[in-house]
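Here's a quick tour of one chain, written for someone who likes to look at side chains. Have the viewer open while you read.

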Amino acid sequence: MLGAMRAINQYIHNWGWSIVILTVLLNMIFFPLRWRSSVMMKKAAAMQPRMKELQDEMRKLDKNDPRTLELQRKQLELMKEGNPLMGCLPLLLQMPFFMAVFAILTVSIEVRHAPFIVWLHDLSVPDPYWLLPIIMCVTMIAQTALTPTTADPMQKKISYIMPVVLTYFFFISAPAGLVLYWMVGNLVG
């Protein structure tokens with residue numbers, strides 16, 4: 001990752017813009033996975049009412065009732081159609097890159113005292129005015145609004161609260177370069 005950022009920075013001469021370009025390139029590489037994930041999440045969301053129906057029917061039956069096995073088989077068939085775990089795959093594949101960028105921006109000497117825009121004079125320390133974390137939080141909320149979810153209202157509320165919680169506990173004190181990486185990833189995603 002550092003080699004890629006150095007190569008980009010040779011032409012750009014600004015570490016902040018190098019992070020932006022690297023993030024866009026990584027997102028282009030991960031686009032097929034994100035697309036597949038989005039399709040699978042839509043399928044899972046569409047199947048949710050039927051799955052709830054089957055669960056309600058199973059609750060009414062006795063455990064020894066032979067119809068329970070048939071309902072369980074139907075549930076498995078529905079789960080095979082749209083695997084809800086596929087929604088997590090792109091995040092899991094991006095984690096090593098996120099960790100590498102985190103390490104680069106907290107340990108690498110190249111980004112120390114590297115300016116980006118007007119108020120950001122060092123990408124290896126937190127944004128002094130919290131502007132990037134706030135913008136990133138807004139992009140995370142927008143991304144949540146665009147992501148298909150199940151019909152469960154409690155889950156929807158939690159999905160809107162999580163960006164605020166992540167921003168407050170993690171991204172406020174994170175290096176500005178890392179927040180920039182995550183924010184651009186949200187915008188491009």
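What follows goes from the overall layout to a few individual residues.

## Ground rules

This is a predicted model, so local features need pLDDT of at least 70 and side-chain atom pairs count only at pLDDT 80 or more, while totals for chains, interfaces and linings use all residues. Residues are numbered from 1 along each chain as its sequence is written, and side-chain values use heavy atoms, with hydrogens and water left out.

## Overall layout

The chain has 7 helices and 0 strands, with helices and strands taken as DSSP runs (H or I, at least four residues, for helices; E, at least two, for strands) numbered from the N terminus. Along the sequence the pattern reads α-α-α-α-α-α-α.

Of the 189 residues in the chain, 37% are buried. Here buried means under 20% relative accessible area, exposed means over 50%, and partly exposed is in between (1.4 Å probe, protein chains only). As for contacts (heavy atoms within 4.5 Å), take those in the chain with a separation of 6 or more: residues 24 or more positions apart account for 67% of them.

## The nonpolar core

A nonpolar core is a set of buried Ala, Val, Leu, Ile, Met, Phe, Trp, Tyr and Cys residues joined through side-chain atoms within 4.5 Å. The largest one here has 28 residues, and M5, I19, L132, L178, L180 and Y181 touch the most other members. Helix 1, helix 2 (15-60), helix 4, helix 5 and helix 7 (176-188) each give two or more residues to this core. Helix 7 supplies the largest share, 7 residues.

L132 is worth a click. Not counting residues up to four places away in sequence, L132 touches W119, L120, D127, A176, V179, L180 and M183.

Helix 1 covers residues 2-12, and M5, I8 and N9 are buried in it. Looking down the axis of helix 1, the buried residues fall within an arc of 105 degrees, so they line one face of the helix; the arc is that of the directions from the helix axis to the C-beta atoms. As a reminder, an α-helix has 3.6 residues a turn, so residues three or four places apart point the same way. On the other side of helix 1, Q10 and Y11 are exposed.

M5 sits at 1% relative accessibility, so M5 counts as buried. Leaving aside neighbours within four places in sequence, M5 is in contact with W15, S18, I19, L22, I104 and V111. The C-alpha atoms of M5 and E110 are separated by 9.9 Å, although the two are 105 residues apart along the chain. A4, also in helix 1, is partly exposed at 33% relative accessibility. A4 and L22 are 18 residues apart in sequence and 7.5 Å apart in space, C-alpha to C-alpha.

## Two histidines with positive phi

Most residues other than glycine have a negative phi. H13 has a positive phi of about 60 degrees although it is not a glycine. H13 is in the loop between helix 1 and helix 2, and is exposed, with a relative accessible area of 66%.

H113 also has a positive phi of about 60 degrees without being a glycine. H113 belongs to the loop between helix 4 and helix 5, and at 63% relative accessibility H113 counts as exposed.

## A buried aspartate

Where does D127 sit? D127 is in the loop between helix 4 (89-107) and helix 5 (131-146). D127 is buried yet has no salt bridge, and the nearest side chain of opposite charge, R112, is 15 Å away. A salt bridge here is a side-chain nitrogen of Lys or Arg within 4 Å of a carboxyl oxygen of Asp or Glu; for charge, Lys and Arg count as positive and Asp and Glu as negative, with His and the chain ends not counted.

What does the side chain of D127 make a polar contact with? The partner is the side chain of W119, at 2.8 Å. A polar contact is a pair of N or O atoms within 3.5 Å; within protein, one must be able to donate a hydrogen and the other to accept it, and residues adjacent in sequence count only if both atoms are side-chain atoms. The backbone nitrogen of Y129 also lies 3.0 Å from a polar atom of the D127 side chain.
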